[in-house]
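Subject: A structure to look through

Hello! I am handing over the structure we talked about, and my notes on it follow below. Please open it alongside this email and look up each residue as you read.

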Amino acid sequence: MSVQAARPEFVLEMRDISKSFPGVKALSDVTFKVRPGEIHAICGENGAGKSTLMKVLSGVYPYGTYEGQIVFNGQECKYRNIKDSEHDGVVVIQQELALSPHLSIAENIFLGNERLRHGFIDWAQTNSQASKLLTRVGLDEHPDTKVQTIGVGKQQLVEIAKALSKDVKLLVLDEPTAALNDDDSEHLLDLVRGLRDEGIACVIISHKLGEIRAIADTITVIRDGQTVGSLDMHGVEPVTEAMIIRQMVGRPLDNRFPEHESQTGGDLLMEVEDWTVHHPVDTARRVVDHASINVRAGEIVGIAGLMGAGRTELAMSVFGKSYGRDISGKVRIKGRDVQLNTVQQAIDAGLAYASEDRKRYGLNLIDDIKHNTVSAALKKIAPKGVIDKEEEAQVAEEYRKKLNTKAPNVDVVVGTLSGGNQQKVVLSKWMFTDPDVLILDEPTRGIDVGAKYEIYTHINALADSGKGVIVISSELPELLGICDRIYTLSMGRITGCLPRSAANQESLMELMTKEKEEIVE
Amino acid sequence: MSTTPEVSASADVAPAAHRKVDMQQFGIMLALAIIVVLFEIMTGGRLLMADNVASLLQQNAYVIILALGMLMIIIAGHIDLSVGSVVALLGGIMAIAMINWNLPWPVACLLGIVAGLLVGAWQGFWVAYWGIPGFIVTLAGMLLFRGLAIVIVGQTIAGFPNGFVQVANGGMLGWFGFMGSMDIFTLLIGVVATVGFVFSQFRSRQRLLAHGLSVEPQGLFFGKLIAISVLVLAVGWILSLSSIGTPYVLVICGVLVLAYSFVMSNTVFGRNIYAIGGNIAAARLSGIDVRRSHFLMYVNMGFLAAIASIVTTSRSGAAVAAAGQNFELDAIAACFIGGAAVSGGVGRVVGTIIGALVMGVLNMGLSIMAVDAAWQQAIKGLVLLAAVAFDMLQKRRGAAA
């Protein structure tokens, strides 16, 4: 790309952006610069701060809630909301599409931006302008078509048409191809190239490194809320995927993990074989594709995978078919075939699953510690259907002390606890079911370093007591720090299984980013 | 009165959420007291006359009975709009059984209960196994069962056996003789209830202390104990002067209230209802059979609708197709006045009973004052709104603190 002389060197400059949430610094002094008419990719691990940065840009986090400066087209911007940023031509297309499924394509394109005549909707203009936009994005659908009747790929195009209707100058796409098949992805990327050639600057956030290499002019890598560096794709030295990966993961490792020596070679506790799960709505899509994993007594097994790889889906479908449909495959626990059709059956078989989203799936936030602690094994303290409240209080108190949950007593409402302490209540709840195998999905997400260390200690103790622990995590250092063995998952398939000694962040990331055609059947 | 252990925290360590709950309960009790005093003055002392208190209980027992089942459904995040129609239908069935088929009245009541369970199973089936929201299923039920009631009760059916009429009109009088004009048995019930209440409160407090759990400050505990004891004894004393002694419906309500307090706070079933209302996704992932709980709570509502129908039909001495009009609204209002949350997961039997008493005192006081029925309805509407607004205000203050 050549820089035109008349224009400033950068269309967008975000300088020294810092953004904090209670207890976490999400961005610290991030600098991000986009040249006019280029495709600029942002890479980084889950939680590195990519989406936060884009929310700062678009005004979702309004001016004043972050530090630093945003300059767009040579002017400093102080966006208070999305409307402000869109007024300037900055449009962000979110990962979860923001379309109204029951409205038509045309209605969605002009949502909040209606074509009016005398204060009423001008349908003729709405539909004719929509038609033109649809031609521009290469979508062959009638503007009257309801959005819910078209596929995800086409919905993505409607989003882009919507952005174009706002006279977009900078288009941000957050994981645009995550839910798309190869053809739709290819079409979308072609369209983005077309927009660039029209002079629209595009920012694309993606986990798919192959895709990024194919389309981006510049890559900025963000790690732990900081800019690591920028790579020029048209430079002298070709940029390889390995280079990107190294920048993405190359953080120094300190001893954030307790020392632990696992007893390997225990009995096989759980084996999942040939496990296939289809998406609950898009039933043709395989979310988990012939995956096989196992865990032994005393072992901590990790599952690594990027967002959308099917980690949570694999775990939840095994746990009493809590996710997906048309599930096939075998589960063996302690060598015996089991049918786990309900959560109760899974619990009875000795399985526990602590969700990645403890607020939504893990806890009853308006109830107290005591009730939450016993909620998955109420039978144990209520043999005839009547709860032994003394035992309940004793059990809850015992786990509160054991896990060092910071609360004055077990009558405290769980919603008032910090994230780390909530997670300890979740752990208590599942430890009280006395499982053989615990699946912990993102056990340390959103909690501070000190509490993380404590959680790791408890995970180690569980393994030492002869249980099998499966840890799903987006943080590779965490998996490398606590697991004995790590499976990698990419697009629903197991792409590898490395013992801790043979694994490092680069090797894992390589396996995690394998695309379908590369996977050896 | 409930024997539920008080969940509360001592002042120095209590998190905000807990103080809020206590304040809420306290607020409703205060509101009831104010309403009682207000009407006592406005009716020139007639509200608390012995026979008026007895008929207040008899006339409004249905609110308490229905509210117990409604509370469960509201906690689980649903609603039941059909109970008024169901009361009418079941009243019709029992009346036909007694008058047309000449069945003994206890058998007719049993028949009514079975029919109630079937109605509940019908609605529970659609909610639990088809996933249709309770609002819609019971809206349909409201029309369906009212229609059926009109079909089977063409014209008023009256002339019930005396035993049946006595259920909601009679009481236990003179079993142990009299003391002056006071019925000794009624006084005794008041004393026994008070002793039982005080004993259970002490025991649960001791248990909490033994486990190092937080309890109310001592002053508040004794204050509450004395206030409620005085209240129970006063009601016993007033009723002992009434012409029927202890109304049978008081016994029915008392047993049900104790039973449902126990079910809601001490059984797996009750706990599951709270868990489902608090976070249905977490409940599912904890192995709770959500569908079964949904089904059973509607079956239970059918059972209570049958009991309410027995009481109402007995009270009026006749079955009419228009019986039970707006009963569902009274029961729902009682729950919300009593602190249940529209979003589910929150609500207690004690609060609901107080809510039901608020509705009852309003009904009775306004009737004694001969306020026009239309205005009675308007006033009840405003009280409901005021109670919930007050509740919101307290919650917002609690959140800000």
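In which strand of chain A does Asp16(A) lie? Asp16(A) belongs to strand β1 (residues 12-21) of chain A. Helices (H or I, at least four residues) and strands (E, at least two) are DSSP runs, numbered from the N terminus.

Before going on, some ground rules. This is a predicted model, in which local features need pLDDT of at least 70 and side-chain atom pairs count only at pLDDT 80 or more, while totals for chains, interfaces and linings use all residues. Residues are numbered from 1 along each chain as its sequence is written, chains are lettered from A and ligands numbered from 1 in the order in which they are written, and side-chain values use heavy atoms, with hydrogens and water left out.

Most residues other than glycine have a negative phi. Asp16(A), though not a glycine, has a positive phi of about 50°. Its relative accessibility is 44%, so Asp16(A) counts as partly exposed. Here buried means under 20% relative accessible area, exposed over 50%, and partly exposed in between (1.4 Å probe, protein chains only).

Asp224(A) also is not a glycine and has a positive phi of about 50°. You will find Asp224(A) in the loop between β11 (218-223) and β12 (226-232) of chain A. With 41% relative accessibility, Asp224(A) is partly exposed.

Arg311(A), Thr312(A) and Leu314(A) are among the buried residues of α9(A).

**An exposed histidine**

His87(A) is part of helix α2 (residues 82-87) of chain A. Is His87(A) buried or exposed? Its relative accessibility is 69%, so His87(A) counts as exposed. Although His87(A) and Val168(A) are 81 residues apart along the chain, their C-alpha atoms are separated by 8.9 Å.

**The nonpolar cores**

A nonpolar core is a set of buried Ala, Val, Leu, Ile, Met, Phe, Trp, Tyr and Cys residues joined through side-chain atoms within 4.5 Å. In soluble globular proteins, nonpolar side chains tend to be buried together. The largest nonpolar core here has 141 residues, and Leu171(A) and Ile219(A) touch the most other members. Apart from that core lies another, of 73 residues, including Leu81(B) and Ile332(B).

What does Leu171(A) contact, leaving aside its neighbours within four places in sequence? Its partners include Val91(A), Ile93(A), Leu195(A) and Val203(A). Contact means heavy atoms within 4.5 Å.

**A helix pair in chain A**

Helix α5 (residues 152-165) and helix α6 (residues 182-197) of chain A pack at an angle of about 15°, with their axes 10 Å apart. Axes are lines fitted to C-alpha atoms, for helices over the stretch in contact, and angles run from 0 to 180 degrees between N-to-C directions. The angle makes α5(A) roughly parallel to α6(A). Angles under 35 degrees count as roughly parallel, over 145 as roughly antiparallel, 65 to 115 as roughly perpendicular and the rest as oblique.

Among the residues making this contact are Leu157(A) and Ile160(A) of α5(A) and Leu188(A) and Leu191(A) of α6(A). By class, the contact of α5(A) with α6(A) has six nonpolar, three polar and one charged residues. Ala, Val, Leu, Ile, Met, Phe, Trp, Tyr, Cys and Pro count as nonpolar, Asp, Glu, Lys and Arg as charged, and the others, Gly among them, as polar.

**Helices in chain B**

Helix α2 (residues 50-75) of chain B and α12(B) pack at an angle of about 170°, with their axes 8 Å apart. That makes α2(B) roughly antiparallel to α12(B). Their contact has 16 nonpolar, six polar and one charged residues.

Thr312(B) is found in helix α12 (residues 290-316) of chain B. With a relative accessible area of 17%, Thr312(B) is buried. Not counting residues up to four places away in sequence, Thr312(B) touches Tyr62(B), Val87(B) and Phe327(B).

Finally, look at helix α10 (residues 268-278) of chain B: eight of its eleven residues are buried, so it is largely enclosed by the rest of the structure. Asn272(B) and Tyr274(B) are among the buried residues of α10(B).

Happy exploring!
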